[in-house]
Amino acid sequence: MQATESVHVLRVNVKPYTGAHSPNVFAVVDSGRAVLLDAGFPDNDSIDSRLDYLKAIGGPRVEMIIVTHHHFDHVGGANRLREATGARIAMHPEEERLLRQTLPRPPRDGGPQERYIRQEVAKITVDRPLADGDVIRVG
C-alpha cells in the first residue's frame, strides 16, 4: 500500500503473529532505490509477499534495512531480506546488544515456529551501526 509519494507499507497478515496488528515493514523509495524500515517475520509468506510488492512497484534496489528495535517481529526477516536484495542491515548498537541478550532465553512455548524465528534472528549481523542523529539518504 502506498502511504505517500515515497513511502510504502509492506503489510502482511502473518499466521504466527498473535498481536492486534501484524508487523508492518515500510519502504522509503526514491530514484529506483529503497530503504526498508524493519523486516517483519522470516516466514516464507511474509518474505515472498514483501519481495513481490517491491517487484510490483518497479523493483527498487533495496540498499539498507533499518531495524528500529530488537523485537523478533521487527528484526526476524532481516537476514532473509538481505540475502534476497543485497541490502545492508543497520541497527543501533544498544538494540543489537538487547537482541543478543534475548536469543539465549528459552522460547515461551518451544513451538517450531518460534524456534525457526530464533534461528533466523541468530544469523543477523549488523553492517552499519546507527547512532542518534544519523541521517540516512535514499535515492
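Predicted model: local features only at pLDDT ≥ 70, side-chain atom pairs only at ≥ 80, totals over all residues.

I begin inside the sheet, where Leu 36 stands opposite Ile 65 in S4. The chain crosses from S3 through H1 to S4, and this β-α-β crossover is right-handed; that is, with the strands pointing away from the viewer, the path from the first strand over the helix to the second runs clockwise.

Residues are numbered from 1 along each chain as its sequence is written, and side-chain values use heavy atoms, with hydrogens and water left out. Helices (H or I, at least four residues) and strands (E, at least two) are DSSP runs, numbered from the N terminus.

The chain has five helices and six strands, and along the sequence they follow the pattern β-β-β-α-β-α-α-β-α-α-β. The six strands form an open sheet in the order S1-S2-S3-S4-S5-S6, with mixed pairing; two strands pair if DSSP finds at least two bridges between them. Strand S1 (7–10) and strand S6 (128–129) stand at the edges with a single partner strand each, so one side of each is left without a neighbour in the sheet.

Let us return to S4. Five bridges join S3 to S4, and the two run parallel; Val 35, for instance, has Met 64 in S4 as its bridge partner. S4 is also parallel to S5, joined to that strand by three bridges, and here Ile 66 is partnered by Ala 90 of S5.

How many of the six residues of S4 are buried? Five are, so S4 is largely enclosed by the rest of the structure. Buried means under 20% relative accessible area, exposed over 50%, and partly exposed in between (1.4 Å probe, protein chains only).

Finally, consider helix H3 (residues 78–85). H3 lies across S3, S4 and S5, running at about 160 degrees to S4; axes are lines fitted to C-alpha atoms, for helices over the stretch in contact (heavy atoms within 4.5 Å), and angles run from 0 to 180 degrees between N-to-C directions. Ala 78, Asn 79, Arg 80, Leu 81 and Arg 82 of H3 are buried. Their cover includes helix H1 (44–56), strand S4 (61–66) and helix H5 (112–122). After H3 comes Gly 86, whose phi is positive, near 80 degrees.
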